[in-house]
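Hi! Here are my notes on the model you asked about, as a few numbered points. Have the viewer open while you read.

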Amino acid sequence: MILACNNISKAFVEHVVLSKVSFHIEEKEKAAIVGINGAGKSTLLKIIVGELAPDEGSVTLAKGKTLGYLAQHQSLTSHNSIYHELLEVKKDILLLEEKIREAEQQMHTLSGSTLDELMENYTRMTHEFELKNGYAYKSEISGVLKGLGFSEDEFDKEISALSGGQKTRVALGKLLLSKPDVILLDEPTNHLDMSSIAWLESFLLNYDGSVIIVAHDRYFLDRVVTKVVELDHTEASTFSGNYTAYAEKKAMLRDALMHQYLNQQREIKHQEAVIEKLRSFNREKSIKRAESREKLLNKMEVMDKPITHTRQMNIRLEPRVTSGNDVLAVTDLEKSYGSLTLFRQVSFDVKRGERIAIIGNNGTGKTTILKLINHLLEPDKGEIRLGAKVHVGYYDQEHQVLHMEKTLFEEISDTYPTLTNTEIRNVLAAFLFTNDDVFKRIGDLSGGERGRVSLAKLMLSESNFLILDEPTNHLDIESKEILEDALNQYEGTVLYVSHDRYFINRTATRILELTNQTLINYIGNYDYYLEKKEEMTKLYSSQASSTSVSDSPDSTSKSEWLEKKEEQAKLRKRQNDLARTEAEIHKLETRNEEIDNLLILEEIYTNPPELIKLNQEKTDLTKKLEELYEQWEELAE
């Protein structure tokens, strides 16, 4: 055991945050602290590192061990460059290197026992230098900076000129390089893009110390942690496994407790009814039996009703009308800002019922695509066509669709003037705004509260095509799960941008990755994307290099230009054929799995005609899949 929290309690005035919280962390263990917003997660981290004192209890750190802590918000102030700020962590190595260089200079001037003593000291210093990875510290710093999303040309940027998110990444880099025995991270993925999060996952998985993480990124927690400490109504419970294992165990435990409680309540009511009936007989024997039962009932240890979170968002997304099958067609879309080209010749279609996630690194233009579709920006080139009966509902991560000077009540009533006062209050209550909350100004709300107002407006819009920009930002895990369920039950079409891989995995039926100024199509969720990413990137990069020549007939002879245009048309056809083939493979594989599940049912394998029919369908499917696999390989080559 490297760290233990023993009966930690903390209250702010009369508001109790933590009560008798106890858990321990083993050496090299990776653990998560989870709970709803306001559960006390950040408070607990601050108590562990000594920034806050507990009202009761103690924190025990194993002798000689060190703690490193990354808070959610950084006030990093320095005139150093990014690279030199991280170099500060390696001061001991730099000092040791300086002493080694001095010793090397002195070797030329000394002799005898003095030289022997110097040589012995030199050997000790070089050995220590090697143990501290002194020969590779520069590449180690560069590797961490690149892993956290900084390009080499940003290494010389001054810290004071960085944004809050960039400063947090620098602070995270310093912490990782300092290699404490226990790392505590408070929302470390907030300012990282997907590739940086994947790098951090790998770093932490291979880290030789213990890690405690507070995060809302469930996919990240699934990949990294093996223990979950849950803070719920001021108390702590510990679960082994990753986040998904915790969520499943928690749900089972909650259901079992509620079932147990309801059974006991039924038994109590039954016994009370029997006692009352026996007394009503007014016979000595019956009264004695009633008293006997009453004694037993009084001895029963009555369970408290299991606590449930009553304040949950209530999202019902229902389109007013059904759109046509073709919801959106984007053709040869291009957008640049000055010399920076975000994307070019981007084309894709959206069909009714699809839930499509656009993913990619920060700055590639994902939000720009959504704004172009919503006509908030004009494209440099290309065409955007909405289908028949398509009504768009837009959720903006910056909440620019909200009016900062209005109250919540005014925001809803002005947008939907036909709603009564009671209806407006009911809608706002469904999104956790009650009583005088409805008269708060939008400008005074937190990011999470503004997000809930935007979701309320989205629900009221009854749109059949939702366009969402980072809809899970600022939402706690429970609220994210409520939104996921609402989208999965939604009968309209969804196009969204998100960095939340767990959210994408649960909701997306297709993924468009924006990379190298183009979109790569994946027909599946995030797990499918990871599985196919390498081969699809190779395929698209080879096509991109083939089509990166000028389209203008002025740059070469007319015959060569026509030849190139014909080749590009063939490439585009191959891309479409590849996408269609993948879709057909996915459809047949799904049916194949369905048949496998049917064949093990008793009502099927005891029914010869149905069994023969399904086996024949499976044979035909297998044959067709073999043909499609070969076709896909040909297209992929």
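1. Which residue in E13 does Leu328 stand opposite? The residue facing Leu328 is Leu386.

2. Before going on, some ground rules. This is a predicted model, so local features need pLDDT of at least 70 and side-chain atom pairs count only at pLDDT 80 or more, while totals for chains, interfaces and linings use all residues. Residues are numbered from 1 along each chain as its sequence is written, and side-chain values use heavy atoms, with hydrogens and water left out.

3. Back to the sheet. Three strands make up an open sheet in the order E11-E10-E13, with antiparallel pairing (two strands pair if DSSP finds at least two bridges between them). E11 (340-351) and E13 (381-386) are the edge strands, each with a single partner, so one side of each has no neighbour in the sheet. On average, neighbouring strands here are turned by 15 degrees against each other, ignoring direction. Between E10 (residues 326-337) and E13 there are 5 bridges.

4. A helix sits on that sheet, too. H11 (residues 366-373) touches E10, E11 and E13, where contact means heavy atoms within 4.5 Å. The direction of H11 makes about 60 degrees with that of E11; axes are lines fitted to C-alpha atoms, for helices over the stretch in contact, and angles run from 0 to 180 degrees between N-to-C directions.

5. Now look at a helix pair. H3 (residues 91-106) packs against H4 (residues 112-131) at about 150 degrees, and their axes are 10 Å apart. That angle makes H3 roughly antiparallel to H4 (over 145 degrees counts as roughly antiparallel, under 35 as roughly parallel, 65 to 115 as roughly perpendicular and the rest as oblique). Residues of H3 in this contact include Ile93, Leu96 and Ile100, and they meet a group in H4 that includes Leu118, Tyr122 and Phe129.

6. Thr43 counts as buried because its relative accessibility is 14% (buried is under 20% relative accessible area, exposed over 50%, partly exposed in between, with a 1.4 Å probe and protein chains only). Leaving aside neighbours within four places in sequence, Thr43 contacts Lys10, Phe12, Val17, Leu18 and Leu52.

7. Finally, zoom out. The protein chain has 20 helices and 18 strands, and 43% of its 637 residues are buried.

Notes:
Helix = DSSP H or I, 4+ residues; strand = E, 2+ residues; numbered from the N terminus.
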